[in-house]
Amino acid sequence: MKNFLAAMIFMLSLSSVASAAADDLLFNPSRGVEKTLTYNGRTIDFIAYENIPYVTEPASEIQKLSIYIPSEYLHGGVINGYAAKTAPIFLPNGVGGYMPGKILEPVENDKMTGGANASLVALSRGLVVISPAIRGRTTTMNGVHVGKAPALIVDYKAAVRWIRHNRDRLPAGNTDKIISNGTSAGGALSALLGATGNAPEYMPYLEQLGAANERDDIFASSVYCPITNLDHADMAYEWIFYGETKYFPAMWQLAPPTNSEAANNPVSVKKSFEMTPEEIRVSKILRDAFPDYLNRLNLRDEHGNILSLDKNGDGSFKNFIKGKYIESAQKAIDSGKNLRGVEWLTIKNGRVVDVDLKKYPAAVTRMKAAPAFDKLDLSSAENDEFGDFRNNPKHFSATLFNDNLAASEIIHMLNPMNFIGRENVTTAEFFRIRHGAADRDTSLAIPAILALKLQNNGATVDFFSPWGQGHGGDYDLNELFDWIDSICK
Ligand code: DHB
């Protein structure tokens with residue numbers, strides 16, 4: 001009864017938001033503002049159409065997007081082989097830490113890249129940029145928490161639908177070539193958008209917001225260090241880090257971030273903590289549960305060989321993961337890096353011949369105590385993300401918890417693994433997934449099984465683990481946009 005009353009109050013608070021006519025989703029091209037920035041000594045002229053609502057019944061005032069179009073396209077020009085009608089649409093999200101994501105307007109001095117941000121580089125390469133602001137776990141409206149799961153993916157989809165709705169009104173941009181981009185929680189979001197095109201599960205949420213009645217599948221998805229598959233990420237973490245009981249949290253874990261930028265710029269601290277006996281006990285349960293989960297996925301490598309694990313966590317999947325680290329280290333050596341001091345690598349005559357995953361945790365260090373994501377005391381960003389509209393955090397991993405779990409439909413809707421290869425879903429054709437070899441925020445197994453499942457179901461996936469790279473994104477923008485050119489041209 002209490003729940004019912006609360007739900008009614010929630011619905012009333014939503015309907016009290018000023019509602020707009022469906023026509024308000026039509027783009028008005030007279031509102032553009034001319035802007036100029038510099039990138040690599042080049043002047044980038046563009047038109048900005050800013051803060052356009054992308055739904056007619058917003059749950060929050062932040063549900064707006066901005067459009068940035070290279071000025072040449074308004075005069076029939078060609079950039080990098082693209083013209084107004086053919087230019088791909090780059091759709092970056094600013095989500096981090098499952099916090100609200102800001103619109104990513106082009107800037108010259110970006111904290112994450114130390115220079116031009118992805119939006120500015122995209123314009124310089126002739127792409128149209130459309131960036132929506134997105135609700136996050138702290139978004140409130142009239143005191144109600146309206147940004148908990150699955151709000152972030154619903155908003156990203158609503159933005160895609162808005163773009164399609166305006167396909168004939170936008171001055172430039174090919175709505176069949178929409179490419180998402182994000183980092184960490186934003187990488188998880190980008191992967192989710194790419195994996196879940198037109199999935200019916202999200203329809204009631206989209207309808208409630210008055211999203212345009214259009215398709216929400218996209219062409220391609222760029223994914224940096226995705227904090228995804230949250231209901232299995234705890235097991236995958238212990239599969240790598242079990243045995244290591246000391247952990248070194250990032251600064252933002254000790255002092256929670258107040259915005260998404262802080263979450264995407266984690267500063268490691270040297271301060272370490274010892275896991276409690278209870279956390280160590282749970283670490284073993286999680287590690288022991290991972291092979292079963294992995295084997296049920298029936299993943300195959302690019303030669304069609306099945307990837308599996310025995311009950312000790314050894315087997316062909318482990319060799320696949322070792323192969324990703326070997327490939328990473330080899331590329332670093334080939335580009336002139338000296339990796340002789342790296343204890344977990346075996347290098348012979350300049351060739352990386354083996355990696356010792358038992359030595360990896362001590363070298364890279366554990367960032368999170370077990371469970372890494374679904375905390376015993378409900379204290380993580382993810383517990384908050386799965387929380388309810390009154391801000392009560394929830395569990396989401398049925399391996400450890402059977403009480404105070406988020407609704408199974410909500411957990412389902414946040415995991416791209418549940419949608420790939422399904423009949424009534426259109427998964428993107430292309431994915432580019434990056435997870436640094438020094439990333440401690442989640443196990444490399446998580447992006448790996450995402451990449452494999454996508455590949456096994458027909459997507460073309462470029463998956464790589466850059467050497468020395470920790471948790472971050474947009475650090476290789478030339479390569480990112482080369483990849484976009486390679487799939488669009
Ligand atoms: C992010 C990082 C994490 O380690 C995490 O658990 C959730 C989100 C992030 O940077 O977005």
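**From a cis proline to the ligand shell**

Pro-371 is found in the loop that runs between helix 11 (360-364) and helix 12 (381-385). The model is predicted. Most peptide bonds are trans, and most residues other than glycine have a negative phi.

The backbone has another such bond. Ala-149 and Pro-150 are joined by a cis peptide bond too, and here omega is about 5°. Pro-150 sits in the loop between strand 7 (144-145) and helix 3 (151-165). Asn-40 deserves a look on the other count. Its phi is positive, about 55°, although Asn-40 is not a glycine. Asn-40 lies in the loop between strand 1 (33-39) and strand 2 (42-53).

Now the ligand. Where does it sit? How many residues surround it? There are 14, and the closest are Gly-97, Ser-184, Lys-368, Glu-382 and Asp-441. By type, the shell splits into 6 nonpolar, 5 polar and 3 charged residues.

A backbone N or O atom of Gly-97 lies 2.5 Å from a ligand oxygen. For Lys-368, a side-chain N or O atom is 2.7 Å from an oxygen atom of the ligand. For His-471, a side-chain N or O atom is 3.4 Å from an oxygen atom of the ligand. The cut-off for a polar contact is 3.5 Å, so the His-471 pair at 3.4 Å still counts as one. How much of the ligand does the protein cover? On its own, the ligand has 290 Å² of accessible area, and the protein covers 99% of that.

Last, the charged pairs within the protein. Side chains of opposite charge can pair when their charged atoms come close. The structure holds 22 salt bridges. One of them links Asp-482 to Arg-125, with the closest N and O atoms 2.6 Å apart.

Terms used. Residues numbered from 1 in each chain as written. Predicted model: local features only at pLDDT ≥ 70, side-chain atom pairs only at ≥ 80, totals over all residues. Heavy atoms only, no water. Near = heavy atom within 4 Å. Polar contact = N/O pair within 3.5 Å; in protein donor to acceptor, adjacent residues only side chain to side chain. Areas by Shrake-Rupley, 256 points an atom, 1.4 Å probe, with all protein chains shown as cover. Nonpolar A, V, L, I, M, F, W, Y, C, P; charged D, E, K, R; others polar. Salt bridge = Lys/Arg side-chain N within 4 Å of Asp/Glu carboxyl O. Helix = DSSP H or I, 4+ residues; strand = E, 2+ residues; numbered from the N terminus.
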